[in-house]
Structures are given as structure tokens and as C-alpha cells.
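The sequence and the structure are shown first, and the description follows.

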Number of protein chains: 2
Amino acid sequence: MSFDRLLENIVQKQNPTVVGLDPKLSYIPAYLREESMQKYGKTLEGAAAALLAYNKGIIDEICDIVPAVKPQAAYYEMYGWQGVRALAETVAYARQKGMFVIVDGKRNDIGSTVEAYAAAYLGNTEVEGESIEAFGADALTVNGYLGTDGITPFLKTCAASDKGIFVLVKTSNPSSGEFQDQKLHVPYESLYRAVGNMCQHWGLDLPGKYGYSGVGAVVGATYPAQLQELRKALPNTMFLVPGYGAQGGAADDVLPAFDKRGLGAVISSSRAVLCAWQKEGCSETDYAKAARREALRMRDEVVAKLGIISLEGE
Amino acid sequence: MSFDRLLENIVQKQNPTVVGLDPKLSYIPAYLREESMQKYGKTLEGAAAALLAYNKGIIDEICDIVPAVKPQAAYYEMYGWQGVRALAETVAYARQKGMFVIVDGKRNDIGSTVEAYAAAYLGNTEVEGESIEAFGADALTVNGYLGTDGITPFLKTCAASDKGIFVLVKTSNPSSGEFQDQKLHVPYESLYRAVGNMCQHWGLDLPGKYGYSGVGAVVGATYPAQLQELRKALPNTMFLVPGYGAQGGAADDVLPAFDKRGLGAVISSSRAVLCAWQKEGCSETDYAKAARREALRMRDEVVAKLGIISLEGE
């Protein structure tokens, strides 16, 4: 009912980063694509088979050094239900390899519809008395624009199944300020801060052993001042930090996201890891080892600033 | 690149309502469930087959009197990729029957991730030179919390493929006010109004023949005063209005959503139509005809207040 398993993974691997599995076909080596297309044709099924093979290669190479993966639902849904099947199989494979899996779906709705999303990604679906895991992830990103009604059903499922959610608070993109930075008339704080405050509040229902609840917040690496403000204001809220690398965030930028133990945040990188083989210019059959090299480089870059990560202390 | 096709459907059928296809297993008659489970077992596949059979029955009975359906993604995702396949097949079946299909997914992200969602639901996916429709819907609900970066890629796809989006503005749920009703410090307007204003602005890129752009807004039937405010403030923004019936909105409440021609809004109802057979207590094999009766009742209730709907005038 919290992010304890994620925190334990981070400390065990001394690595507070997560690899985003956002596989575009153009990231995937030709030999893998050709293998899949020969089997299934130039179809959604062929594309999905290539995604899955590619992901498995990456996961095999990083599962001993990276605590978590974050597949982005959009890149699977664009290949139809066949792509969504590859998402389900990717989640299952990563979990089987001991990784913590955050599905980045930014889901949002109200009432029984949120219950359905919670069942889909974090809980179980009931079919005539049988209880079945549909996607079986460990955490899900969600959008809080609809307020408490849109969050409470997630909390129930998280409490029952030891899972967590990350709520969008301050996103990494350039126009995130259009709404999120709006100053509210009363009490003159920003909208993102108001959403952040609610994350802290919602998290009271999902306390964790290490001081962090099961309700985290997405805060972009591209906004270090807001990371600092929110770290101070939300002491029990774990941060998922996108925007590192490709979007411009650097190791110094993300330091304010962590507490004194080196806990409290997980830094996400996708393209830099997935496309490392293209950037390196190495052999395409070496794509997964190149991903590992980049994941290690990123870990070292962050940990050099952060020092030892520990579950002890407060 | 607008909602022209939806508006034409509404006028042709003189019916400004949409049926939400949110099929829980408990809504589905036992004979349909048993048929599917006998074939596929008590599995996600069995559940998905039951959903699809049920939806087809409903669509067959309402396609001549209702202009659009709105499948809610969550109720398919909870049955895994098998459920998502039933969603794709439901979309295809409804379109084949001439209905306008709004996928209610409330998707949101930024940049190339939004491009992926747009390709998935509104455009085409490229696979090695082949261009394939993944879900092929006519419109998608989206969440605007991330600002313009999160909307622009949708607009591009809509412009290329004559599709539209509905942005969450003022949602129908009790706690929607927590963030959406916050008064902004400058210029002292509410957040939902600021999001609404942006819908009007984003829509400039997707003008329509009848005065409504391809960027609509979701505004709940449970908030008639806000419907009135927004109708006046956003003259080129089509409204998708949930919360009718089960959530408490009545015909008088939704009238302010329409313009003088009876255009500008589409009222959504799900449970009342889908479960009409249970409420009526009719034979379960009569479930689709009961849905038709309820859809007609709802149409008549709204149209009695609204009068003739016309594409003429402004």
C-alpha cells in the first residue's frame, strides 16, 4: 500500500532511476523488425511482436542494475489491441525479472470508471467468480484534474494490493505552466501546489515504512525550483521525475527532488536509453548492451551527486 | 477537421444524445455471458466476447435513432488486451452502422506521446510503409492539464483526418470543484473557465461549417449554471455533457448547453440505457429493445424542451 518495494529496489541497486519503455519502431534494430514482419507481415501484430522482442532484450540487460521500468501506454495503444497485448507481456516479463513496473497511462475519470482502471492496472478483474490480473503493474500514473472522486477508487485498490499511483503535479513540458502555474486567488498558491498538497493528503490512507506513502507526484526535471519547493512541502510524497536528459534536465536539476537519505524520487529516462545504440553507432545487435551502458552512465551521473542511498534515518 | 459529421447526424436523427457503452459484466444478460464463457471459459477472453456480443445487440437496436456512441476505455481495459480488442471491434461495428464514435479515454500527455495517442484513436499508425487504423474512432476525450503541448499534436491529426477531441473542462462529479472551480488570482476567473477559453482558442485551427470547431469541451449536466456561462463564453465549442440521468442531471439542466438552433451539445447517458432491461424487469433476451426504448425516452425528454434541431442560422 505504498512505494516501499520501489524504495527497497532503489536502495538495493543504489540507483534511483527508471527506464521508460516507449519503443517507437524507429528505435528498434532492423533485424528485430524484419524477423517480426516476416512472421506476421507489415501489420499491427508484426509491429507489436517487434516491440516485445526489443523490450525483452532491454529488460534482460538492465534488470540487475535498474530498479524499475515505466512503459508508456500510448506507444503500445498506437499498435491497437495487438500493441496492448505487447504492453501486458512487457509488464509481466519485467515483473518476472524482479523489476518494479510503473505503467505511464495518466488515466483519469470518476467513480466506478476509476475502479475499472484500478482493476485493470493495479488490481484484479472479476470474471464470474474468477479473479484475474489484467495488466498487473505495480504503479500507475494518473491525472488529478477531476479531484478526490477521481483518486479515491485508486487508493482502495492500492491499499488492497500493495500498489501505488503517481499523480501529475508539475509536468516537464514547456507549456505546463499554462494551467499548473496559475496562481489561485485564495490562498495565493499555484494550482500545481494545490494538487501537490492533495497528493500529500490522499497519501495518508497509504502510509509506507520509509516515510513515503503510496500516492506519489509527477514533477518534471525541467523545473528544479518547483522540485525543491514541493520536496519541502510534501515530505511523504514520492516523486516520479521525467524530463531528464532528452528534455534538458541534468543531475544538478534533480537533486532537490531527494531527501537527505537519497530517497524520495525516481528519475526517468526513455529515449536516451532506448536509442543508445543509434547514438553510439554500435552494431544493432548490440542495442541492449548499449542501453545497459547508458543506464549505468545515467545512474553514475545521478549517484555521483547524491551519494549513498539509505533506508535508514528520516 | 471538426464535429460537422456529428452535427449532421444529430440533425438527421433529431437527437442530441449519445449512448455510453460502458458495459460491466453485471449489465449483461446471463444467456450472453454463458454463451461466451462456454466458448472461452471464465477468462478475460470470455468476458470480452460477452461485452462485444452485448454491444453489438445494443448498437443494432439504436443505430437508426441515436447519432453517436461513447465507449469508455476503462471498462474494456479492465479485461486486458482481450477487452481492448473488444473495444476496437465495438468501434468498428458502430462506425459500420453509421454511428459517430467518441472513445472516452481522457488521454493526456505531451509531444510525441500525444502523437502516439492521436495515431491510436484518431489517425493511422505507420508500420514499415503501411498505414493502418488501430482503433479508428471519430473523436476522443482528452485531459488538458498539461497545456498546449498536450493538445497541439491532437489538432494536427484531427485536421488531417476530419476528427475531433473533447477536452475536460467542468466535469460532472461532486469533487470536480476542488481544482476546476479554483478562482485564479489573475484575471479572477476559474480554472475550468481558463481551460474552456483555451478550447475555444485551440479550436481556431479546426473550424467547422456549422460554427463549431473540432475542439469540444466536456461539461457536466450536474452544473447547469456553468453550462450556461460556458455556452455564452465559448460560441464555437461543442459540448459533450455527461451526468444526465443516473448522476442527477435533468432535461432542464442541459438546455443551457445548446444554442438557438438546438446545436452545440451532445448529452450522454450510459447506465440508464445499458441497464434498461434490468430496470424494466423485461425478459433478458429483450435487453437491446429495452435499451432502444430508453434511448427513445431520453431523446424525447430532451427534444421536448429543445424543439426542432437545425443546421441553419447561426
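Which residues of helix H1 (residues 4–13) of chain A are buried? In this predicted model, they are Leu6(A), Leu7(A), Asn9(A), Ile10(A) and Val11(A). These buried residues pack against three strands of chain A, namely strand E2 (68–71), strand E3 (100–107) and strand E10 (265–269). After H1(A) comes Gln14(A), which has a positive phi, near 45 degrees.

Strand E8 (residues 215–219) of chain A has five of its five residues buried, so the strand is largely enclosed by the rest of the structure.

E8(A) pairs with strand E7 (residues 164–170) of chain A in parallel, through five bridges. Within this pairing, Lys170(A) has Val219(A) as its bridge partner. E8(A) also runs parallel to strand E9 (residues 239–241) of chain A, to which two bridges join it. Here Ala217(A) is partnered by Phe239(A) of E9(A). Between E8(A) and E9(A) the chain passes through helix H10 (residues 224–233) of chain A, in a β-α-β crossover that is right-handed.

**The nonpolar core**

The largest nonpolar core holds 229 residues, and those touching the most other members are Val167(A), Val241(A), Val167(B) and Val241(B). Leaving out residues up to four places away in sequence, Val167(B) touches Val142(B), Gly144(B), Val195(B), Cys199(B), Val215(B), Ala217(B) and Val218(B).

Ile267(B) belongs to strand E10 (residues 265–269) of chain B, while Gln82(A) lies in helix H5 (residues 80–96) of chain A. A residue is counted as buried if 20 or more other C-beta atoms lie within 10 Å of its own. Ile267(B) has 27 such neighbours inside 10 Å and therefore counts as buried. Gln82(A), with 23 C-beta neighbours inside 10 Å, is buried as well.

The table gives the C-alpha separation for one pair involving each of these residues.

| Pair | Separation along the chain | C-alpha separation |
|---|---|---|
| Ile267(B) and Asn15(B) | 252 residues | 9.3 Å |
| Gln82(A) and Tyr244(A) | 162 residues | 30 Å |

Not counting residues up to four places away in sequence, the residues touched by Ile267(B) are Pro16(B), Thr17(B), Ala221(B), Val241(B), Tyr244(B), Val254(B) and Val302(B). Gln82(A), with its neighbours within four places in sequence set aside, contacts Leu44(A), Glu45(A) and Ala48(A).

**How the two chains meet**

The contact between the chains draws 60 residues from chain A and 59 residues from chain B. On the side of chain B that touches chain A, the elements giving two or more residues include helix H3 (44–62), helix H5 (80–96), strand E4 (125–127) and helix H9 (191–202) of chain B. The largest share of that side comes from H6(B), with six residues. By residue type, the side of chain B that touches chain A comprises 31 nonpolar, 18 polar and ten charged residues.

Conventions
Residues numbered from 1 in each chain as written. Chains lettered and ligands numbered in written order. Predicted model: local features only at pLDDT ≥ 70, side-chain atom pairs only at ≥ 80, totals over all residues. Buried ≥ 20, exposed ≤ 12 C-beta atoms within 10 Å, placed from the backbone. Helix = DSSP H or I, 4+ residues; strand = E, 2+ residues; numbered from the N terminus. Pairing = 2+ DSSP bridges. Right-handed = clockwise from strand over helix to strand, strands pointing away. Contact = placed C-beta atoms within 7 Å. Nonpolar A, V, L, I, M, F, W, Y, C, P; charged D, E, K, R; others polar. Core = buried A, V, L, I, M, F, W, Y, C linked by C-beta atoms within 7 Å.
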